[in-house]
Protein chains: 2
Amino acid sequence: MNECTVTFLPHARDISVPEGESLIRAALQAGVHINASCGGEGVCGKCRVQLESGSVDGGTTERISDEDIDKGFRLACLSRVSGDATVRIPIESSVDRSVMNLQATPRRTAKIQQMDFEVLKEEGLFIPPVEKILLNLSPPDAQNNMPDVTRLVEYLKLEADEHKLELTLPVIRKLPSALRDGNFQLTVTMMRPVRSDGKNLILNVQPGDTTDSNYAVAMDIGTTTIYGQLIDLTTGECLAEAGDFNGQISYGEDVITRIIYAEKPGGLQKLHEVVVSTINSVLEKIIKKSKIDREDISTITFSGNTTMTQLFLQIDPRNIRRAPYVPTATLYPPFAAADVGVHINEHAIALNYPQVSSFVGGDIVAGVMGSGMYRNEELTLFLDIGTNAELVVGNKDWLACTACSAGPAFEGGGVEFGMRAAKGAIEDFSIDPITYEPMIFTIGDVRPKGICGSGLITMAAVMFEIGVINNRGKFNRDHETARIRQTNDVWEYVVAWKEETQIDRDIVLTEPDLDNLIRAKGAIYSGCMTLIEEVGLTMDMVERIILAGGFGSYIDLEKAMTIGLLPEIDADRVTFIGNGSLMGARMSSLTNRIRKDVVSVTQKMTNFELSETPSYMDNYIAAMFLPHTEIEKFPRLKERMEARKK
Amino acid sequence: MNECTVTFLPHARDISVPEGESLIRAALQAGVHINASCGGEGVCGKCRVQLESGSVDGGTTERISDEDIDKGFRLACLSRVSGDATVRIPIESSVDRSVMNLQATPRRTAKIQQMDFEVLKEEGLFIPPVEKILLNLSPPDAQNNMPDVTRLVEYLKLEADEHKLELTLPVIRKLPSALRDGNFQLTVTMMRPVRSDGKNLILNVQPGDTTDSNYAVAMDIGTTTIYGQLIDLTTGECLAEAGDFNGQISYGEDVITRIIYAEKPGGLQKLHEVVVSTINSVLEKIIKKSKIDREDISTITFSGNTTMTQLFLQIDPRNIRRAPYVPTATLYPPFAAADVGVHINEHAIALNYPQVSSFVGGDIVAGVMGSGMYRNEELTLFLDIGTNAELVVGNKDWLACTACSAGPAFEGGGVEFGMRAAKGAIEDFSIDPITYEPMIFTIGDVRPKGICGSGLITMAAVMFEIGVINNRGKFNRDHETARIRQTNDVWEYVVAWKEETQIDRDIVLTEPDLDNLIRAKGAIYSGCMTLIEEVGLTMDMVERIILAGGFGSYIDLEKAMTIGLLPEIDADRVTFIGNGSLMGARMSSLTNRIRKDVVSVTQKMTNFELSETPSYMDNYIAAMFLPHTEIEKFPRLKERMEARKK
C-alpha cells in the first residue's frame, strides 16, 4: 500500500500514513487536534478542515456548501487520504504557536513483534521436538524372525544411528499391522528428548511414507478465550488458527470464582470437562480448516495460567487462592493428550508450559519464551495487563516476576461508561487546549457507546498534560466550559453529548472513574517498581518493554507513560507480542531449544508475592498520582510540562 | 511326622516312609511289586501281604479269614504304616532271586525347589522394586510457598538423598490433599529403576505413615489357568494365593485356536476382555483373602506365554502362528495396570515378563529367573512339559532355548484311556515280571477311570524294562497272559479289568497309545538334543534338570529316563519348581535384581526354531525308540538291561 505524507497547518506537522487512512486519524497520529465528537459518522460536522494542496477521497457532505467544497473544505472524518496533501485546521480562537505546543504527543502504539520463522531457521533453531523418519526394513524370514519391536529398534540403532529408544504400549499394538501394511516401509514419529541424557520416545508408527505429514498444535488456554493453531512441522507454517470462549465462563468470570466453583462437590470434574470440551471444539475447527489427518498430529503444547492449567489437568486448585498461595506443580510430565479427554489420536503427546507460582503461570512463561527476552542482554520489562497483571523483569542472566490485581478498570469495569474494546467504544481521544472540545475515535468509526481501556488511558493522559485534571485526577474547577461540570456532587467531563451517542445519554468521564484508573495503573507501576527494587535496580534502568495480551496492542504508549502506567522509555523500545501464551506454545512446537530452556528459565524466575513484600504498599501509595509522586521518574513528561508553563 | 522303616521280603528292600503311608505305596517306592488292580479300594483283594514283625493300622477285611489275620495277612492297599515293620510279599510262582532283580527302579520324583525367601535375604537380594518412604515435610508459609511438587522433590533430594525423580499426573493430582490430610507427613511409594541411570518413579503418595502396608501381586497368565499371589513387600511373605480357569478356554483350548479366534472381527478385543476379567476375579480373591487395602498395591508382575501376553495387552497375535513365527515384542514397557482394565488403583504399575520368541514366552523366562539357573555354573536343562514343551539349556554364561510340540499325550490326549491328572487316573504302575499282573495306583485311591501322563510314562518304562514291550513300543506277542491281547488288529495290555474300574470297560494300553507316547517323548528329547548340539555340546554334559509346570511334579524320574523322555542323570540332580511362571513373577516382586537381570537374560537366550534346524528331524527319528536308537546314551538303563539278560 502506498504511503502518503499529509502536512497539517498551522502546526506544520507531517505524518506519513497509508493511502486510504481517514484524515482525522492521520491528524490524531500527528498529534494534531480537530474537534470531533460523533465517532466519524459525519453527523457532528465539527471536523471541518481545508485542503490546501493535493487531494483526498470523499469528505464532502450536505453540511458543506458547494462553494466551501470548491475552497477545499472537507469533513476530516469522512476524507480518505489518496496522495500527499496539505491540510489546514481552522483555528477558531486566536491562538499563538505556543498553543500548538500544548498538543498531545503523537500517537504511538507498540511495534508488533511477530515470531519470525525465517530467523528461527537461520539461527539453526528449527528443531521440532517431533520428527518423522522413514525406514525401509527387511521383512522377517526363517533366518531372521526377531520380534517386530526388536526389528524396529535394531534397525534404528544400526541403520539410523538412533539410540536410547522408548516405546509405549499403543505403539507396540500398532506396529505389527503398520509394518505389514506398508510392506516393511515404515514412518516412525520420534519425540526428541529435552536433555542429552533423555530418551527418544517413539510416538507413532505408520505404514509407508508419511514424513511430509507431521503436525503440531499450539493451544492457549485463557481464562476467557481459548486459541489454537495448527502447525506444519515440515515447513513451520501455521496452517489454521481458531478460538472460542472458554466454556468455563458460565461458572465464573475470573480465576478466583472458578476456583470457588471447583471446590464444590463435582465442581472440579465439571470445570475440567467444560474446558476440555472447548479445547476439543477449537481442535475440531483447526483440523477442519487445515484439512489434515488427525492421526498425523504428534504434539499439543498447552499454555495457560496456573488455575487454567490445574483445571485442565483436573488438579484441585483450592490452594491457589488461599495464603500462602501454593500451586500444585511447576513442571508437568508429558502425557498422552487423549488421557485427559482431548479428542486426538492416542499417540499425541501433551506438553504443558510450566508454572512459576499461583499467579504467574504457564501463559506468562510462554510469553517470556516466545518473546525471547530470556535470551537477551537488555533489562526487559514484560507486562501482561488484564484484570490481573503479570510482570516479569530481567534478562538472559536473571528473571524476577510477580502478579498484581489491577482491578477491572482497563476492561471497562468500575468506570461509569466503561466498556470492553468493542464497536462504539471510544478508543482514542484528544482535547483542544483552549476550548476543551474533544476529538474522539471509536472502534468501528460509529457514534460512541462508552469508553474502553485505551480510550480511558488517553483521556487521562491528555487531560492531565493540558491541565484539565491535576495529578490526583481531579478536574480543574476553574476552566470555563460546559463540558466540565458537577452532577450529584461528582465532577465530570462530558466526552460526548447525548445527541452524538448511540445511547441517548451524555457519555462522561468522572472523578471516581479517574480514581479507579489511577488505582489500576498505580498497582501495576508499583508492582514493577517493587519487583525491580527487590532485585536491587531502579525503574530507569529498564531498556525494553514487552507488552502481551489483547490490551497491549491499542495502548498509546506515550499516553501510558504520561499517566505513569508504564515507565518512561523510548517508544521504539516497546514491543507488543499479542497473545504471548499462544506464541510461546507455537515456538515450543517448532524448536526443542525452547523446551530445553524452559525448565531452567522457570527455575530462574524468582517469584515475589507482593503481599509479602513490605515496600509494595509504599510504592503503591507513591504511584497513586499522575504520573507519580516523583515526576523526576518521567523526565520527558516533566520537560513537556515545564515547557507548557513558560 | 515320624519316619518308619518297612522291610519287604523276600526282596530284602528297606524303605523309609512317613507314619500313615499306605503299605502298598511304600512297596511302590521301594520298587517292590504287589499285584493290585482296584486302585486301593480293597475290592480286588490281590494285594495280600504278611506282616512278619512290627504292626500296621488297618488292612483287615472280610476277604481275609480271622485265622489268616492272626497269621499277619493284610491287604497292603488298606494298611497304613504305624511303625517299623517287616512285610513278606507272597511269591505265588517259584522264582529265584534274579526275578527280584527284574523289579523296576524305586520310585523317585523330583525334589521340590521352593523359593527360599530367607536365602534371598541372606544374599542381600531382598530389594523390592518398590519402596515406601516416610517424609515429614514442613508446611508452606509466606516465606516458603513453593509448589507442592517442588516441596516434595526438594525434600527428597535434600533430606532423603533421592534423585532422578519422576512423577505421573495421577500422583500430582493426589499430592495436594495427601500432603494436607496428613499434616505434611507423607508416605511416598517409589519404584526403583532397573538401570543405575534410570529414574526413581514416584508411584503413589499417601497421607501419614503407611510404610508398613506395601504390597505386590504376582500373576501367572496360563493358557488354562491364571494364578495370583499377594505379596507383602515388608516381610516378603505371600499373604494369599488364588487361581481360576482362564476365561478364554471357551474360545479355544490351546494358543493356536485362541489366535485363530483373535483374528475374527472383534475377537482380539473379546479375548482381551475375557482374560482381564479372569485376572480381576483372581485379584479380587487374593485381595479379599489377605484383607489388605487395594490402594496399597504398588506393582503387578505378569508372566505368561507369548500368546497369552499379547492377548492380555490386546496386541494382535496373528503372526505368532504363521511362519516365520514373529511375536510383536520381547520387552514391554511398564504401564499403569488400570490402563488395560485391571481393577486396581491408578498408581499400580504393571510389569511384564519379557518374551524370547513366539513359543518361548514370559512364563519360561520367569521360570528361568525364578529357578536361578541363569546364575549357576552347572549346565542346566530346564523343561516345561505340556502340549507344548519349552526347553532351555545353559548356565550363567549362556542360554539357549526352543519349543516343540509334544502333542497331547502327556495330558491324556491321543491315548485311548488317556485322561488329565484327576481323581481315578492311574498315576503309577508296576508289573510282575513273571505273571505280568499289574499293581496300579490311582489319584484319590479309587477304582480307575483312565491313565494320566505320569501313569503312562511309568507303564511304558516298566513294561519296556521287563520286556513286555520292545524298544519300538510293540508288545511281546509270546508272553502267556490274558492281559496282552489283540483286539480289532490292535495289540494291547489290559491294565484293569472292567469289574475293577469305574467305567465298566477294560482299561487298556494300546500300541497306538505307545506310539503317541514315543512321539511325544521323542519330540522333547530330540528338541533337547538338537538344542544342546546346536550350542556344540552333548546330552551327557547336562548336570542338572529343572522341571516346571504341573506335569513335572508327579513324573517318576527314573521311569522318565527309562523311556528316554529325560536324559539319564542322577535323580538327585533333578528339581521341580512347580509353577515356574508364578515363582518368577513373585521373585521379581521381591528383588529388583531379577528385574535388572531379566533384560540381559532374555537377550542372552538364543532361540532356535526347530523347524529351521536341519538336525532336528534326524534327532527326532533317532529318539523314536525306547529309550533311543543309541542306548549308550542311557548307561544306567543299559546296565540294568544287561544284568537282566544274564
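This is a predicted model: local features need pLDDT of at least 70, side-chain atom pairs count only at pLDDT 80 or more; totals for chains, interfaces and linings use all residues.
**Entry 1: domains of chain A**

I began with the layout of chain A. Domain 1 covers 3-90, domain 2 covers 129-207 and domain 3 covers 215-352. Domain 4 is written in two pieces, 367-408 + 518-645. Domain 5 takes 423-505. I then looked up the spacing of domain 1 and domain 4 of chain A. Their C-alpha centres lie 37 Å apart.

**Entry 2: how the chains relate**

The same surface serves both copies, as 100% of the contact residues of chain A recur in chain B.

**Entry 3: the contact between A and B**

How many residues of chain A are in contact with chain B? I found 35 residues of chain A in contact with 35 residues of chain B. On the chain A side, the elements that give two or more residues are α5 (148-158), β8 (165-167) and α6 (169-181). The most comes from α6(A), with six residues. I sorted this side of chain A by residue type. It has 20 nonpolar, eight polar and seven charged residues.

**Entry 4: helix α1 of chain B**

Next I went to α1(B), residues 23-30. Is this helix enclosed or open? Eight of its eight residues are buried, so the rest of the structure largely encloses it. The cut-off for buried is 20 or more other C-beta atoms within 10 Å. The buried residues are B:Leu23, B:Ile24, B:Arg25, B:Ala26, B:Ala27, B:Leu28, B:Gln29 and B:Ala30. I noted that B:Arg25 and B:Gln29 are on that list.

What covers them? Just after the helix, B:Gly31 takes a positive phi of about 80 degrees.

I looked at a helix pair in chain A. Helix α10 (residues 362-371) packs on helix α14 (residues 580-590) at an angle of about 65 degrees. The axes are 7 Å apart. The crossing of α10(A) past α14(A) is left-handed.

I listed the residues that meet. From α10(A) they are A:Asp363, A:Ala366, A:Gly367, A:Met369, A:Gly370 and A:Ser371. From α14(A) they are A:Gly580, A:Ser581, A:Met583, A:Gly584, A:Ala585, A:Met587 and A:Ser588. By type, this contact has five nonpolar, seven polar and one charged.

I then checked α14 in chain B. It is mostly covered, with 11 of its 11 residues buried. Among them are B:Leu582, B:Met583, B:Arg586 and B:Leu590.

**Entry 5: B:Thr510**

I picked out B:Thr510, which lies in strand β25 (residues 507-510) of chain B. It has 18 other C-beta atoms within 10 Å, so it counts as partly exposed. Which residues does B:Thr510 contact, leaving aside neighbours within four places in sequence? They are B:Glu416, B:Val490 and B:Glu492. I also looked up B:Gly473, 37 residues apart from B:Thr510 along the chain. Their C-alpha atoms are separated by 9.4 Å.

**Entry 6: backbone exceptions**

Most peptide bonds are trans, and most residues other than glycine have a negative phi. I went through some exceptions.

- The bond from A:Leu626 to A:Pro627 is cis, with omega near -15 degrees. A:Pro627 sits in the loop between α16 (615-622) and α17 (635-645) of chain A.
- The bond from B:Leu9 to B:Pro10 is cis too, with omega near 5 degrees. B:Pro10 sits in the loop between β1 and β2 of chain B.
- A:Asp445 is not a glycine, yet has a positive phi of about 50 degrees. Its place is the loop between β21 (438-442) and β22 (450-451) of chain A. With 18 other C-beta atoms within 10 Å, A:Asp445 is partly exposed.
- B:Lys291 is not a glycine, and its phi is positive at about 55 degrees. I found B:Lys291 in the loop between α8 (267-290) and β14 (297-304) of chain B. It has 9 C-beta neighbours inside 10 Å, so B:Lys291 counts as exposed.

How values were computed: Residues are numbered from 1 along each chain as its sequence is written. Chains are lettered from A and ligands numbered from 1 in the order in which they are written. Domain bounds come from an automatic or database domain assignment. Two residues are in contact if their C-beta atoms, placed from the backbone, lie within 7 Å. Helices (H or I, at least four residues) and strands (E, at least two) are DSSP runs, numbered from the N terminus. Ala, Val, Leu, Ile, Met, Phe, Trp, Tyr, Cys and Pro count as nonpolar, Asp, Glu, Lys and Arg as charged, and the others, Gly among them, as polar. A residue is buried if 20 or more other C-beta atoms lie within 10 Å of its own, exposed if 12 or fewer, and partly exposed in between; C-beta atoms are placed from the backbone. Axes are lines fitted to C-alpha atoms, for helices over the stretch in contact, and angles run from 0 to 180 degrees between N-to-C directions. A crossing is left-handed if the near helix is turned anticlockwise from the far one by less than a right angle, and right-handed if clockwise.
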